[in-house]
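Me: I am new to this one. Please take me through it in short steps.

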Amino acid sequence: MKRIKLGSLRKFAVDSLVAAGVSSENAAEAADVLITTDTFGVMTHGTKNLYQYIQKMQAGGLDPHAEPTIDREGPAWAIINGNKALGMVSGCKAMKSAIKKAKETGIAYVGVHNSCHFGAAGYYANLAASEGMIGLSMSNADPVIAVPGGRSKAIGTNPFSFAAPLGDGTSLFLDIALSNVAALKVISAKEKGQPIPDTWLVDENGLPTTDADKFPKKASLQPMAAHKGYGLAVLVELLSSVVTGAGMLGEVASWNLDMSSTNNVGHAFIAIDISQMLPYEQFIARMQKLADELHQSPKAVGCDRIWLPGEMEWEKRKKATASGELELTDAMVKSLTGLSEMNGIKLNFIE
Ligand SMILES: NC(=O)c1ccc[n+]([C@@H]2O[C@H](COP(=O)([O-])OP(=O)(O)OC[C@H]3O[C@@H](n4cnc5c(N)ncnc54)[C@H](O)[C@@H]3O)[C@@H](O)[C@H]2O)c1
């Protein structure tokens, strides 16, 4: 198990993006998305993917120099063209725009098209929570889920997140793919040779399989909670792609298997300025009551703790930021080392 100082990882990420042609401001913003995600313990969606984003820039599927631009806007909404910039860059610009507009109008929606994989949805929802707002963030993705009754890939894992402030600098937040598990988790199990439950994939006949090796060619992901996750994935598609003009369903190419293609996914961000609806202190007190009542729910036999959505992630983040270090997964070490060998930028692990 290798460890790295958060500051070293940040410097490596920023230097690598700048060397690839990204402006230092956008590189710092993207590095913050990825490293915050790592500190939340979502190691499949943080700096591990930096190498692939940079390879995608080299292959022409992402434009390192691009800046997202506003297509159309109103007081409480905007549609942004990502212009093939990193999804993290468009995602931050869009959520920051939604927050700014919501300060005026109480609630705002900002959609993005012509974007790429934005990492973990939770980062953007938490941008709103850190401003005392409720945030929602979502993205469509290339189709990898078989819909109920289907046997081939029809819709993306369409990550969805909400976050609401808790008053102590943390938030209550859910950050999930709308498949039973994120595709990168299946790939991670496949790389480690680990068995998977029969609730993750269906095979080429539409039947459950435990063989991770079949993914992605001969197996599709199962939707979260059958028709319920399927329905929510359609909602994400509506707000992220149908409204924004991004690629829909089968129009979206895999961001990491088809490096030279423009991914053209869309994202959607919603910010709700709670303090315009009720006094903020009252909201925080009600959030605390909500949290307490959920925490005090009688525990099942063998369970020693009830968690709030997002609580595990905040505990991991607090541990990482207090120590200033991160324990890296093998997949992260492999990917970051590969990038370092490719771009010649030194990566300093803790010895
Ligand atoms: N950009 C993309 O295209 C894309 C696609 C898919 C997934 N993703 C990302 O992948 C990541 C992982 O997704 P996932 O579906 O595997 O997540 P997951 O199944 O690990 O669920 C994580 C969420 O569930 C909550 N949670 C877990 N156990 C809990 C418990 N016992 N009690 C209360 N809450 C609990 C966590 O706090 C967190 O909010 C997410 O960050 C998602 O945004 C991104």
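Me: Where is Pro216 found?
Reply: This is a predicted model. Phe215 and Pro216 are joined by a cis peptide bond, with omega of about 10°. Pro216 is found in the loop between strand 9 (208-209) and strand 10 (219-221).

Me: Is Ala226 buried, partly exposed or exposed?
Reply: Ala226 is placed in the loop between strand 10 and helix 7 (227-242). Its phi is positive, about 50°, although Ala226 is not a glycine. A buried residue needs 20 or more neighbours, and an exposed one has 12 or fewer. Ala226 has 14 C-beta neighbours inside 10 Å, so it counts as partly exposed.

Me: What does Asn83 count as, with its C-beta neighbours inside 10 Å?
Reply: Asn83 lies in the loop between strand 3 (77-81) and helix 4 (87-105). Asn83 is not a glycine, yet it has a positive phi of about 55°. There are 16 C-beta neighbours inside 10 Å, so Asn83 counts as partly exposed.

Me: Which strands are the edge strands of the open sheet of seven strands?
Reply: The order of the open sheet is 2-3-4-11-5-6-7, and its pairing is mixed. An edge strand pairs on one side only. The edge strands are strand 2 (69-74) and strand 7.

Me: Which residue of strand 11 stands opposite Met138?
Reply: Strands of a sheet pair through backbone hydrogen bonds, either parallel or antiparallel. Strand 5 (residues 134-139) and strand 11 (residues 265-272) pair in the antiparallel sense, over six bridges. Opposite Met138 stands Ala268.

Me: How are helix 3 and helix 10 oriented to each other?
Reply: Helix 3 (residues 50-59) packs with helix 10 (residues 330-343) at an angle of about 40°, and their axes are 8 Å apart. Angles under 35 degrees would count as roughly parallel, and 65 to 115 as roughly perpendicular. The two helices, helix 3 and helix 10, are therefore oblique.

Me: How many residues of the contact of helix 3 with helix 10 are nonpolar?
Reply: Helix 3 brings Leu50, Tyr51 and Ile54, while helix 10 brings Ser335, Gly338 and Leu339. Two of the contact residues are polar and no charged residue takes part. The nonpolar count is four.

Me: Which element gives the largest share of the shell around the ligand?
Reply: The ligand is surrounded by 26 residues, and the closest are Ala120, Ala121, Pro159, Ala177 and Trp307. Two or more shell residues come from strand 7 (171-176) and from helix 9 (311-323). The largest share, four residues, comes from strand 7.

Notes: Residues numbered from 1 in each chain as written. Predicted model: local features only at pLDDT ≥ 70, side-chain atom pairs only at ≥ 80, totals over all residues. Near = placed C-beta within 6 Å. Pairing = 2+ DSSP bridges. Axes fitted to C-alpha atoms, helices over the stretch in contact; angles between N-to-C directions. Parallel < 35°, antiparallel > 145°, perpendicular 65-115°, else oblique. Contact = placed C-beta atoms within 7 Å. Nonpolar A, V, L, I, M, F, W, Y, C, P; charged D, E, K, R; others polar.
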